[in-house]
Amino acid sequence: MRKKSKQFSTGKITALTLAAFNFLLLPALAAEAEEEDAGVTREVIVTASRTEQEIKETPSSVEVVTREEIETMGAQTVRDALALAVGVDFPTSGTTGNHTYIRGLSSAYVLIMVDGRRVPGEDGSLANQYWFDRINLDNVERIEIVRGPGSSLYGSDAMGGVINIITRRPEKAGASIHFDGGSRLYGGGLRVDSGTAGRWAWTFDANFQRTRTRKQDTFIGGGLTYPIRVPGGDTKFYNLKGTYNINDKQKIDIFYEKSNQQWNYFQNTTEYINDSKGDSFGLTYRGKGEKSDYELRAYYNRMDRWAPSLNLSTSAFSFDVMKYTAYVVEGRDSIQIDDKHRLTFGGEYRALINRSTRLGAGGDKPSQITINGVTRNISERSEKYQSVYLQDEWLLSDKLLVIPSLRYDHNSSFGGNLSPKIGLTYKFSDDYRLKASYGKGFRAPDISYLYMDFGGMIGNPDLKPEKTTGYEISIEGEKKGYSGKLTYFRTDARDLISMYTAAPPYTYINISKAQMEGIEAEIGKKLNEHFTLKASHVYLDALNKVTGARLTNRARNNTKLQLIYNDARRGWGAIFWNEWLHDYWFGGKNYSYPTFNFSVNKKWQDGKYSAYFAVDNIADKKILDVWMYQGRVWRLGVNITL
């Protein structure tokens, strides 16, 4: 039997202490007067069920980061805006960008969307790793997070959860510009709304950022010692979005996005460049009937990546060329059958094409590319998905809502798969609820995992699809400025893909069993008119069930404490937060450390002018072994609405 460490016991005690506080909090609140706070805004989410649904009603574990919270954080990127999201982590990768983890499942299992469509991504472990640094945060209205299996509605890539970035819709004429600076990045952007002119309304936004390189440090870990330099580079992002109003009930949305991101970094004596260029465009027809809400969408994504490297000592040159293309057509309709049932059904066709030098000459359409006297083989592989899904929002009584859903996906390489899910919400009263859900997810292996032929890495065409079974139960409530939520979750995974590194050439294998189990505790209290106190604790036990070893890049305990100040009348806002990572497992060792952070912002003339200043990691904590090399980061910015 595997022995539990002292750290395990300490972390569990912390989690259970917060959990007990939640349970004690809810009955205490129930004893208070039954008066309702006036002017409470109805909080809704669309990602959890593909329909507009109150957060209190949805059985899924969800969180919404609002526009106001984004501004209070003094965020420069989407990743900054998500820093306080419960159960969401962004460990730094060993080269550039950040991984995205939800409940212990990494970037490859987290679906990133903008306005409900998949973003242009890269294949394999790099999936969506750079996207959060590209989008113009000034054009973001809110960010919706769904934790837990989402495959019953979104299919592959949503095993761990979904992050949906909702952008602002063009409504009235206006413009805004912003300028950002700081120790990590600086830049600016603009946003222009045409307002409704005839039947059309248009929005154009652009974002320009430069990430600073930092002085050279020395990395020591895993038996290696070599100099590194904090990655830096340029990011450019453009977006044009329009809405054509056919009538009051029917609309057509069109969009075009373009991104260009170039990073360079040093590892030992070699300089690496990662130059990514993306294009996306498409249109959506949407409408509402007397009892229905429907849409039909088609879009195209492309991401080109040019990755040369140069050894500064030997002048040895190498390069990679990669092109990722996706064609997507999808449709959905939600029909209110009666006062007990709302039925949502839809389908999706998706074609993915990967053309890359990292696939060697073994794929389709093989050819060669020669640059600076170096010749590389290149070929392509493709996969196609066809999917249908069905969901029923079934109101059994005034107190009980049950939502069963089922999706069937057919993959051109791996055949068909069913992903069911059922969730329920039981309301003890208007203020207190019990929620539970059970669901299955799957993910077909990425093309690179199957067919890679790159240096000392070889793909494995015998890989099996990854599958998960997840369930959770939670109790939550709020009353007169108090809030509390306690969730137990568990995900059992089969055939998770991992790199096999016993000896070169390295390849990928399926881990037969893995498990992510944990507790999420959330507490909030509005102290007075201006101050709000929030705390959260996530306990996570992520294990390879075959060997008993912990899964790397995951903290067993993550505690976040935040104090928020808001004075809307005077235009002041501020937040101070502390994040403690306990038992972060990396490279066969545990790391525990806190980071202290704050942000302050000010608005003038009803928000026409605003400014912020923020500092992350005030104590300048650095742990090079876990790629935590940036230390203290400060940022500031101004926004002007014209």
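This is a predicted model: local features need pLDDT of at least 70, side-chain atom pairs count only at pLDDT 80 or more; totals for chains, interfaces and linings use all residues.
Which residue in E35 stands opposite phenylalanine 613? Leucine 636 does.

Residues are numbered from 1 along each chain as its sequence is written, and side-chain values use heavy atoms, with hydrogens and water left out.

First, the chain as a whole. The secondary structure comes to 5 helices and 35 strands. Both are DSSP runs numbered from the N terminus, helices being H or I with at least four residues and strands E with at least two. The chain has 642 residues, and 53% of them count as buried. Buried means under 20% relative accessible area, exposed means over 50%, and partly exposed is in between, with a 1.4 Å probe and protein chains only. Accessible areas come from the Shrake-Rupley method with a 1.4 Å probe; for residues, only the protein chains shown count as cover. A contact means heavy atoms within 4.5 Å. Among contacts with a separation of 6 or more, 60% come from residues 24 or more positions apart.

Strand E33, residues 589–604, pairs with strand E34, residues 609–616, in the antiparallel sense over 7 bridges. Two strands pair if DSSP finds at least two bridges between them. E33 and E34 form a hairpin with 4 residues between them. In that turn, glutamine 605 has a positive phi of about 50 degrees. On the other pairing, E34 and strand E35, residues 633–641, are antiparallel over 8 bridges.

Arginine 635 forms a salt bridge with aspartate 616, with the closest N and O atoms 2.5 Å apart. The rule for a salt bridge is a side-chain nitrogen of Lys or Arg within 4 Å of a carboxyl oxygen of Asp or Glu. Because arginine 635 lies in E35 and aspartate 616 in E34, the pair ties together parts that are 19 residues apart in sequence. Arginine 635 is buried at 2% relative accessible area, and aspartate 616 is buried at 16%.

By the salt-bridge rule, the count comes to 49. Glutamate 257 forms a salt bridge with arginine 117, the closest N and O atoms being 2.7 Å apart. Glutamate 257 is in strand E15, residues 250–267, and arginine 117 is in strand E7, residues 117–118, so this pair ties together parts 140 residues apart in sequence. Glutamate 257 is buried, with a relative accessible area of 4%, and arginine 117 is buried with a value of 4%.

The other pair is arginine 297 and glutamate 330, whose side chains meet in a salt bridge at 3.1 Å, N to O. Arginine 297 sits in strand E17, residues 292–311, and glutamate 330 in strand E18, residues 317–336, 33 residues apart. Both are buried.

Next, two buried threonines. Threonine 47 is in the loop between strand E1 (44–45) and strand E2 (53–54), with a relative accessible area of 1%. Leaving aside neighbours within four places in sequence, threonine 47 is in contact with Met113, Glu144, Val146, Tyr154, Val162 and Asn164. Threonine 47 and glycine 150 are 103 residues apart in sequence and 9.6 Å apart in space, C-alpha to C-alpha.

Threonine 468 is in strand E27, residues 466–479, and has a relative accessible area of 2%. With neighbours within four places again left aside, contacts of threonine 468 include Met159, Gly439 and Thr491.

Last, the surface. Leu527, Phe531, Leu533, Leu561, Leu563, Phe576 and Ile618 make a nonpolar patch of about 530 Å². Patches are made of residues with over 30% relative accessible area and no salt bridge; like charges are joined within 9 Å, and nonpolar side chains (Val, Leu, Ile, Met, Phe, Trp, Tyr) within 5 Å. Leucine 527 is in the loop between strand E29 (507–526) and E30, and at 44% relative accessibility it counts as partly exposed.
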